[in-house]
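Biologist: Please show me the model. Then I will ask what stands behind the labels.

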Amino acid sequence: MADRERVGRAPQPTGCVLDSQTAKAGGTGVAGPRGYDPAKRAVGRKRTALVDTDGRLLLAAVAPADRHDTQLGAMVLRVSRRLWPFLARCWTDAGFAGPRVAHATHVRIAVVGARSRTQGFTVQERRWVIERTFGTFGHNRRLARDHEGRPDVAAGWITLASAAQMLRRLARA
């Protein structure tokens, strides 16, 4: 809330961005539930994050990579209602499209896709914010791969990394 107020925003966010990222398993001997994500061709876990429109982490969840985005997105949105009751709009990619996520809560879901007739890379509205947040996880060596035995511990490391980033922002100000 202090970081939001520092930049002139209301303390409670009303908009958010939802996405997931597949993290490869940490290697042999790492215990805990894992899954295979055929889209990424990776064995590991799927990190689902909900951030505000400036990229501050609101909620993170970690599950086996074989879980579909709509399952994880609906779960994260349901849990977010207790923590962030003022959320009114959520931007997602096409992986979260469908009735399961749309009817999970009364948050309006806006699916952001690539613009038609564009070739190559284009920045998608609002979605770059969460991709930047996932990119900052790469600065933490512990989050480069999934080394944790339990999903809740992995989610804790994500929260800790985001808190450290926010503290650096507040300290610079």
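Modeller: Start with helix H2. Its buried residues are Asp69, Thr70, Leu72, Gly73, Ala74, Val76, Leu77, Ser80 and Arg81. This is a predicted model: local features need pLDDT of at least 70, side-chain atom pairs count only at pLDDT 80 or more, and totals for chains, interfaces and linings use all residues. Residues are numbered from 1 along each chain as its sequence is written, and side-chain values use heavy atoms, with hydrogens and water left out.

Biologist: What covers the buried residues of H2?

Modeller: The cover includes S1, S3, strand S4 (57-64), strand S5 (89-92), helix H3 (99-102) and strand S6 (108-111). Helices (H or I, at least four residues) and strands (E, at least two) are DSSP runs, numbered from the N terminus.

Biologist: How do you know that the span of helix H2 agrees with its 15 residues?

Modeller: The expected span is 1.5 Å times one less than the number of residues. For H2 (residues 69-83) that gives 21 Å, and the end C-alpha atoms are 21 Å apart, so the two agree.

Biologist: Why is Asp52 called buried?

Modeller: Buried means under 20% relative accessible area, exposed over 50%, and partly exposed in between (1.4 Å probe, protein chains only). Asp52 has 0%, so it is buried. This residue lies in strand S3 (residues 42-52). Asp52 touches Arg4, Pro13, Gly15, Cys16, Val17, Leu58 and Val129, leaving aside residues up to four places away in sequence. Touching here is contact, heavy atoms within 4.5 Å. A polar atom of the Asp52 side chain also lies 2.7 Å from the backbone nitrogen of Arg56.

Biologist: And what makes Arg41 exposed?

Modeller: Its relative accessible area is 70%, so Arg41 counts as exposed. Arg41 sits in the loop between S2 and S3. Its phi is positive, about 55 degrees, although Arg41 is not a glycine. Most residues other than glycine have a negative phi.

Biologist: Which residues lie nearest the centre of the largest pocket?

Modeller: Ser20, Asp37, Lys40, Lys46 and Asp69, out of 16 lining residues. A pocket is an open set of points on a 1 Å grid over the protein atoms alone, where a 1.4 Å probe fits, with protein on both sides within 12 Å along at least five of seven lines; lining residues have an atom within 4 Å of a point. S1 gives the largest share of the lining, three residues.

Biologist: What is the volume of the largest pocket?

Modeller: About 280 Å³. A volume is the space filled by probe spheres set on the points, which are joined across faces, edges and corners.

Terms used. Polar contact = N/O pair within 3.5 Å; in protein donor to acceptor, adjacent residues only side chain to side chain.
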